[in-house]
Every structure is written in C-alpha cells, then in structure tokens.
Amino acid sequence: MPPHALKRRTLLALCACVLVAQSMVAAINLLIPQLSSSTLHPSSSEILWTVDAYVIVFAGLLIPAGALGDRYGRKGALLTGLALFAAGAALSALARDPALLIAGRGVSGAGAALITPATMSILLHLAGPHGRAQAMASWTLAIGLGGLAGNLGGGLAGQFLSWRALFAVMVPLAALLALAVAVTTPRTDRSPHSHLAPAGTLLLTAGLVAVLFGIIEGPEYGWSAPRILLAFAAGALLIALFTVQSLRSRTPLFDPRVFAAPRLRATTLGMATGFFGLFALFYLNSQYLQGVKGYGPARTGVAIVPLIVGMALVPRLAARRATRHPRPVIGGGLALIGLGLLGVSTAGAGTPYAVYACWLLVISAGTGLCMPTLTLGVVTSLPPHQAGLGSGLGTAAREIGAALGVAVTGTVLASHGDLPGGMAPALRTVALLVLAATAAVVAGYGGSRRDGGKAAGPAPDGTGTGPARKRGEAPVR
C-alpha cells in the first residue's frame, strides 16, 4: 500500500466513527433526570453505574484493544467495534430493567475501545510522515465534536424525545458507519511483532478497571470507604504484577521500560491533564447552565458550542510551529486550559452568557493548541508496528484524566453542599492542578533532550524514534 494513501472520504469516515464513540461518554449525563423518573425505577447506585459502565469498560480495554488491532488487523477491529457498539446500544434501548441497561452500556464501551485506537492507527498508517500532524488534528477535532454531539444529542433527547431514542438511533448510525468504513477504508498491514500476551492483558485490564472504579466511585462512597481503598490497592497490585510479568516475558503486551523516556511520560501526563480540566468543566457546565442560569436541556447542549471553535481553528494555525517547537505549543495550550477554568470559576447567576462563552473559547483554543501535538507524541513514542497500542495508551490516559477531573470536581462540590457555593472552589482547585501539572509536563518534555536526543517522540521523518534506552537495556518489542 502506498504510504500516502489517506483520502478525504476515508478521513471523514474514521473521524465520524471516533466522534460517535466519544459522544456516548457525555450524552447520558443530560438524561439522568429522565432516567431517574422512568419506568425502570433505577436506584441512585444503578444510575451511577449506567453512567460509569461505558467509561470503565472503554478505558479499561483501550490498550489491549489497540494491540489486538495491530496483531489481527485494524480494519477488522474497527468493524468489530462498531458491531459491539450497535449491539450494546440496542440492548440499552430495549432494556426492561436497570441491569440490562448497564450491561448494554458496558458492551458499547467495549466496542468504543476497539473503535478509538483502530481509527487513529489507520490514519497514521495511511497519512504518511508528512500528513500525520494534520491527520491527528482532524482526529482530535473529532474527539471534541464527539463531546459536543453528546451534549447536544443528550439535551435534545432529554427535552423532546426519550432516553431510549438516544440509544436506538445509535444502531442504524453504527451500521451506516460500518458500511462507510467497509467501502472507503483500505486494510493496513498486520504486525506479526505485536503480542496480546493473555496474562499481561488480563492483569493490566483488571488493574485499570479497579483503579477507574476507585476514581469514579470515590466521591459517592467517600475516599476512605473500604471498597474504595480495596479497589485502589487491588489496582496497584495488579498493575505491579503486570509490570513484573512484562519485564520477564519474551513477548509482552508492551515493555514497561518505554516509560523510562521522560518525553513519553510528559506527553502521557499532558493528555491526562488536558482531559482532567475539560471533563471537570463538562461535569459542571450542564449543572450551572440548567440549575443556575435556568436553561433547558437542548439549550444547554447548544451552549457548549464555543468549546469547538478553537479545536477546529487552532490546530491548523499551530501545526507548523508544533512540528518544530512542540514544547511551547504543549505548555501554552495546557496553560490556556488552566487559565480558562479560572475564568469560568468567576461565573455566577448574573454572569452574561457572552462572558461565559469567552472563557469557553480560551479553553477551546488551549485544547486545539496542545492536544494534536500530545497525541502524535504519544503514538510516535512506540515503534510504527505498535501504533494501535500507542493510540490505546494515549486514549487511556485521556479517559483516566477525565475520570479524575469529574471525581475531584464532585468531591470539592460535595464538600460545599450546593452548586452555587461549590462551583467556584471546585473549578479553582482543578485549574490550579492543571497549571501545576503543566509545569511538570513542560519540564519533563524538555528534560528528554538530556538523553542525547534519543527520547521518545517524533523523528524528523515522522516515523518515531521510540523511547530512549541506556546501554544494556532491552529494546522495545
């Protein structure tokens, strides 16, 4: 296959897939009031699991799902993911009790875990070294548009339709996307050097699920609750066992020593930081606009639109500078997210929407500035044949950061008793954490230069150098 085989129709089909998968992270949040009063009569715990099942399964399976696509075929993984996504949506739409609704959300999350790394990996293989930056800008925009579509779709369904309609429409939509992928997307070469490593995959997946459970459920049960402490302890133990097993295995899922490269650590932290701030905002945005400003669900969904402007416009303007000077682009983008959150923290009942929208534009510009560069940095830190695994690693960092953002925001908000009193301190806390992490990201990204130029990151030809390794260390498999 020619290295520069990415056609516009293929780009649009792949970006549409990741947009739809990402939209279902946020859409359910605007339907919570309708679900609570539905004939399913879910308990508060079942409502929480309806929201969280998708995210936990999605994030927990991303890394092995990316490796699966590398090993057995990325297009096949993508089509399988769309089928699972549709099956889960159908199960949710037809659910007659909360357990089936939760199960459907989990099945759809598994489908999304296959969709997301496969789309990015195919784009990287088809775009060629010189087209990767623009391809990643489009893919990152699709992620942002997915958040918008989720808010808008959930708001419209909540106001004019029903929660079942939201899930039902996903079934023909996923089928249409599968047809588009089948027609427009060529198969990429499989990688015989990628390994699923069943034991390592099980350990890592179980560890990530345990950690995510602790993060997401912490605000609900309390951070010192036995089940939360047990979840974190189990997660830490399982990930430690994964590390030991991978270091001893001749064919690991991936070599943990990739994180010896400061630049890979910095870009992974940067991606988690950006989504930490964004999802803290998403968590409070609908509550503020509906509970404080009095907007309806549909108007609330539309009101988040300014967040997309910077994501759409800034990456193209920053692409050339990001290639030559990625460090200030990343640092500046993350700093804008933090400063924008500080601005949003000043919003109250009397704040004009125009002022609120301006702060959303600041956050949007920061996201558009740093996210494509961070995404490309993580993926090109691994060998080209592990592009799917690298995509899974980066997206897992995003989802963990998003879960932490919601958890921290919810915890601070709960400590103040009500939304008007807790919104400002919650957003200030998140903003300060984003700015502190930005300093760490900038320091780590620059620190990789001390490794003699062998740190993880894009090579001049765009192929990726892989992580730095000292003499005597094992290479990345």
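Modeller: Let's start with α1 and helix α4 (residues 74-93): their axes come within 12 Å and cross at roughly 35 degrees. This is a predicted model, where local features need pLDDT of at least 70 and side-chain atom pairs count only at pLDDT 80 or more, while totals for chains, interfaces and linings use all residues. Residues are numbered from 1 along each chain as its sequence is written, and side-chain values use heavy atoms, with hydrogens and water left out.

Colleague: What makes something a helix here, and what is an axis?

Modeller: A helix is a DSSP run of H or I with at least four residues, numbered from the N terminus. An axis is a line fitted to C-alpha atoms over the stretch in contact, and angles run from 0 to 180 degrees between N-to-C directions.

Colleague: Which residues make the contact between α1 and α4?

Modeller: L14, C17, V20, A21 and M24 of α1 touch L78, L82 and F85 of α4; contact means heavy atoms within 4.5 Å. Eight of the residues in the contact of α1 with α4 are nonpolar, with no polar and no charged ones. Nonpolar covers Ala, Val, Leu, Ile, Met, Phe, Trp, Tyr, Cys and Pro, charged covers Asp, Glu, Lys and Arg, and the others, Gly among them, are polar.

Colleague: Why are α1 and α5 called roughly antiparallel?

Modeller: Angles over 145 degrees count as roughly antiparallel, and those under 35 as roughly parallel. α1 and helix α5 (residues 98-127) pack at about 150 degrees, with axes 9 Å apart, so the two are roughly antiparallel. Their contact brings together T10, L11, L14, C17, V18, A21 and M24 in α1 and R105, A112, I115, T116, T119, I122, L123 and L126 in α5. By class that makes 11 nonpolar, three polar and one charged.

Colleague: And what about α10 and α13, parallel or antiparallel?

Modeller: Helix α10 (residues 262-292) and helix α13 (residues 326-344) pack at about 20 degrees, their axes 10 Å apart. The pair is therefore roughly parallel. The crossing of α10 and α13 is left-handed, meaning that the near helix is turned anticlockwise from the far one by less than a right angle. G270, T273, G274, G277 and L281 of α10 meet L334, I337, L341 and V344 of α13. That contact has five nonpolar, four polar and no charged residues.

Colleague: What makes a space a cavity, and what makes it a pocket?

Modeller: On a 1 Å grid over the protein atoms alone, a cavity is a set of points where a 1.4 Å probe fits but cannot get out, while a pocket is an open set with protein on both sides within 12 Å along at least five of seven lines; lining residues have an atom within 4 Å of a point. By this rule there are five cavities of 30 Å³ or more. The largest cavity has a volume of about 90 Å³, the volume being the space filled by probe spheres set on the points.

Colleague: Which residues line the largest cavity?

Modeller: Among them are Q22, T140, F275, M311 and T367. α6 (132-160), α10 and α14 (353-379) each give two or more residues to this lining. Its classes are seven nonpolar, five polar and no charged.

Colleague: And what volume does the largest pocket have?

Modeller: About 970 Å³. Of its 32 lining residues, N29, I32, L48, Y283 and V406 are the closest to the centre. α15 gives the most to that lining, with eight residues. The lining divides into 21 nonpolar, seven polar and four charged.

Conventions. Parallel < 35°, antiparallel > 145°, perpendicular 65-115°, else oblique.
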